[in-house]
Amino acid sequence: MDKKPETNPIPQIIRDILFIANTLIDVGLRTDGTIDRRFRDLADPKVPANSTPVEGVKSYDVTTNPCWFRVFVLDMTTKKLPVIVYYHGGGFAYYGPDSAAFDGLCRRFASMLPAIVVSASYRLIPEHRYPTQYEDGFNLLKFLDEDKNRNKLPKNADLQNCFVFGDSAGGNLAHHVCIRAAQYKFQQIKVIGLVALQPYFGGQQRAASELASENRLGLHLNQTDFYWNVFQPHSTDETWDRDHEVINVSGPRAADISGLDFPATLVVVGGRDILEDWQRNYYAWLKNSGKEAYMEEYEYTFHGFYTFPELAEAKHLISVVVKDFVNKQMNMNTRPHSRL
């Protein structure tokens, strides 16, 4: 694997962007558990799909009701390409496939891997609480698997080489989608890999990385607390706290995946992310569950660093780490009985 880029100070302009974004988020979090998104939307520009290639990639939107997705297609190629289903981050509360940050990120995945990328929307909290996001996420896979919807993707989309990607809350969502996928008999789709970019997990007891706030950028503890509080359903018969299996996925009430054909997983960790300890626990839990798992750490990166293409670490992540992982899993998938 190519050498990681040398560590450089985070540019001041990125620090300023993170400060402004977090300030706008904090202003919109209300004590009654609602969110005023007008403030955060000021720093969340939307971009339309573009049939004219941008950086060599075209895009178009598909409505599924109540959700929709955006497809990114590398121009001027008929070669069979893997399909990446991408779930965006944002604490389950913000963003969509048309958010400029995620439109750009998915475009880079499409061109640099290369792949056909399906960027998913899902209904947001607090208006739509758990398990809505998980239902929306898995329903997209079922939609893509149906014969009648095959024309929603390009002819060179290889659903037998399907990957599920997600960042932050989308990484949490991607994990749970993969659990359900491992228990479902698809007609066309074969999920062979999961990429969890700084996935959003938690637990009843604070992790050390959550308490060590110095030099932590991109996500604040008050925000994660708020999101988890308004994520939980209004009423439920089950025990609900932050050790619930959908939050503390590697905790005392974790789901048993040891008997599932859970896909190979790449976990990406940032050393200045307040969630890094939960992500390390997740990686260790996957290994202890007998699953194929890899962890890549960028020691000096913050939560969400991959959305800043000017950072050398963001380029390295896609062009080297993720690309190597995708190629390895595709090569294994072509071998007879490679996963038996």
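Helices here are DSSP runs of H or I with at least four residues, strands are runs of E with at least two, and both are numbered from the N terminus. Counted that way, the protein chain holds nine helices and eight strands. Before we walk through them, please keep in mind that this is a predicted model, in which local features need pLDDT of at least 70 and side-chain atom pairs count only at pLDDT 80 or more, while totals for chains, interfaces and linings use all residues. Residues are numbered from 1 along each chain as its sequence is written, and side-chain values use heavy atoms, with hydrogens and water left out.

Let us start with the overall dimensions. The C-alpha trace of the protein chain spans about 50 × 45 × 45 Å along its principal axes. Buried residues make up 57% of the 340, where buried means under 20% relative accessible area with a 1.4 Å probe, protein chains only.

Now to the sheet. Its eight strands form an open arrangement in the order β1-β2-β4-β3-β5-β6-β7-β8, with mixed pairing; two strands pair if DSSP finds at least two bridges between them. At the edges are β1 (57-63) and β8 (293-298), each pairing on one side only. From one strand to the next, the twist averages 20 degrees.

Strands β1 and β2 run antiparallel and are joined by seven bridges, with Val62 partnered by Phe69 in β2. Four residues lie between the strands of this hairpin, and Asn65 takes a positive phi near 55 degrees. Strand β2 (residues 68-74) also pairs with β4 (residues 116-120), in the antiparallel sense over four bridges, and here Arg70 stands opposite Ser119 in β4. Five of the seven residues of β2 are buried, so this strand is largely enclosed by the rest of the structure.

Helices cover the sheet at more than one place. Helix α8 (residues 276-288) lies across β6, β7 (264-270) and β8, and runs at about 160 degrees to β7; such angles run from 0 to 180 degrees between N-to-C directions, with axes fitted to C-alpha atoms, for helices over the stretch in contact (heavy atoms within 4.5 Å).

Which helix is largely enclosed by the rest of the structure? It is α4, because eleven of its 14 residues are buried, among them Tyr134, Phe138, Leu141 and Leu144.

Finally, the interior. In soluble globular proteins, nonpolar side chains tend to be buried together. A nonpolar core is a set of buried Ala, Val, Leu, Ile, Met, Phe, Trp, Tyr and Cys residues joined through side-chain atoms within 4.5 Å. The largest one has 69 residues, and Tyr87, Phe92, Leu141, Leu144, Tyr227, Phe231 and Tyr282 touch the most other members. Helix α5 (residues 169-181) gives the largest share, seven residues. Another core, of 38 residues, lies apart from it and includes Leu105, Phe109, Leu317 and Val321.

Methods:
Buried < 20%, exposed > 50% of the residue type's maximum accessible area, 1.4 Å probe, protein only.
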